[in-house]
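Work through the exercises below with the sequence and the 3D structure at hand. Each task is followed by a solution in steps.

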Amino acid sequence: MLEVLAIDHIVLRTTKLKQMLEFYINVLNCTIERETPEETGLTQLRAGSALIDLVVVNSRLGSVGGGPSKTERNVDHFCLQIRLAPEQDIINYLKQSGIEVGEFASRYGAQGEGNSIYIQDPEGNGVELRFRT
């Protein structure tokens, strides 16, 4: 029997690598762990204990699947656990970073009920930011 313990990684295909790197590195404070742009078109970002893989659509690896566009969604959303902080501080930080935000709300996730907020990355993928309990 299998037991899933945590999200290991998520792969996002992109046509906007520069903007995606700026968003995930400068706004969400992920770090580049590994890059193979010429070989596969892959950049792997460390996001806590997980990875976010960015794959350029017109690369060898990226050409295998479909493509993000205005009518096709590559991913509905994924959830990142974040350290507990005042909600208004997080909202202010995101707004100062040019990110459109709504309000925190209680939602059910892998660790039960908790407050989270939805934002979008430059490719239009939904990102849920959730307090780690």
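## Exercise 1: the surroundings of Leu129

Leaving aside neighbours within four places in sequence, Leu129 is in contact (heavy atoms within 4.5 Å) with Leu28, Leu80, Ile82, Leu94, Phe104, Asn115, Ser116, Ile117 and Ile119. This is a predicted model, in which local features need pLDDT of at least 70, side-chain atom pairs count only at pLDDT 80 or more, and totals for chains, interfaces and linings use all residues. Residues are numbered from 1 along each chain as its sequence is written, and side-chain values use heavy atoms, with hydrogens and water left out.

Task: state where Leu129 lies and whether Leu129 is buried or exposed.

Solution.
- Step 1. Leu129 belongs to strand 8. Helices (H or I, at least four residues) and strands (E, at least two) are DSSP runs, numbered from the N terminus.
- Step 2. The relative accessible area of Leu129 is 4%, so Leu129 is buried. Buried means under 20% relative accessible area, exposed over 50%, and partly exposed in between (1.4 Å probe, protein chains only).
- Step 3. Asn115, one of the contacts of Leu129, is 14 residues away along the chain, and the two C-alpha atoms are separated by 8.6 Å.

## Exercise 2: the overall layout

Task: find how many helices and strands the protein has, and the pattern they follow along the sequence.

Solution.
- Step 1. There are 2 helices and 8 strands in the protein.
- Step 2. Along the sequence, the pattern reads β-α-β-β-β-β-α-β-β-β.
- Step 3. Of the 133 residues in the protein, 39% are buried.
- Step 4. Among contacts between residues at least 6 apart in sequence, 50% join residues at least 24 apart.

## Exercise 3: the largest nonpolar core

Task: find which residues touch the most other members of the largest nonpolar core, and which element gives the most to this core.

Solution.
- Step 1. A nonpolar core is a set of buried Ala, Val, Leu, Ile, Met, Phe, Trp, Tyr and Cys residues joined through side-chain atoms within 4.5 Å.
- Step 2. The largest such core has 25 residues, and Tyr24, Leu28, Ile52 and Val127 touch the most other members.
- Step 3. Elements giving two or more residues to this core include strand 1 (9-14), helix 1 (17-27), strand 7 (112-120) and strand 8. Helix 1 gives the most, with 5 residues.
- Step 4. The buried residues of helix 1 are Met20, Leu21, Phe23, Tyr24 and Val27.
- Step 5. Beyond four places in sequence, the contacts of Ile52 include Ile10, Leu12, Tyr24, Phe78 and Leu80.

In soluble globular proteins, nonpolar side chains tend to be buried together.

## Exercise 4: the backbone at Asn29

Task: state where Asn29 lies and what its phi is.

Solution.
- Step 1. Asn29 sits in the loop between helix 1 and strand 2 (31-36), just after helix 1.
- Step 2. Asn29 has a positive phi of about 60 degrees, although it is not a glycine. Most residues other than glycine have a negative phi.
- Step 3. Asn29 counts as exposed because its relative accessibility is 58%.

## Exercise 5: the largest pocket

Task: describe the space and the lining of the largest pocket.

Solution.
- Step 1. On a 1 Å grid over the protein atoms alone, a pocket is an open set of points where a 1.4 Å probe fits, with protein on both sides within 12 Å along at least five of seven lines; lining residues have an atom within 4 Å of a point.
- Step 2. The largest pocket holds about 1,100 Å³ of space. Grid points are joined across faces, edges and corners, and a volume is the space filled by probe spheres set on the points.
- Step 3. The lining has 35 residues, and those closest to the pocket centre are Ala47, Leu80, Gln81, Ile82 and Arg130.
- Step 4. Strand 5 supplies the largest share of the lining, 5 residues.
- Step 5. By class, the lining has 23 nonpolar, 6 polar and 6 charged residues. Ala, Val, Leu, Ile, Met, Phe, Trp, Tyr, Cys and Pro count as nonpolar, Asp, Glu, Lys and Arg as charged, and the others, Gly among them, as polar.
- Step 6. Ile82 lies in strand 5, and its contacts beyond four places in sequence are Ile90, Leu129, Arg130, Phe131 and Arg132.
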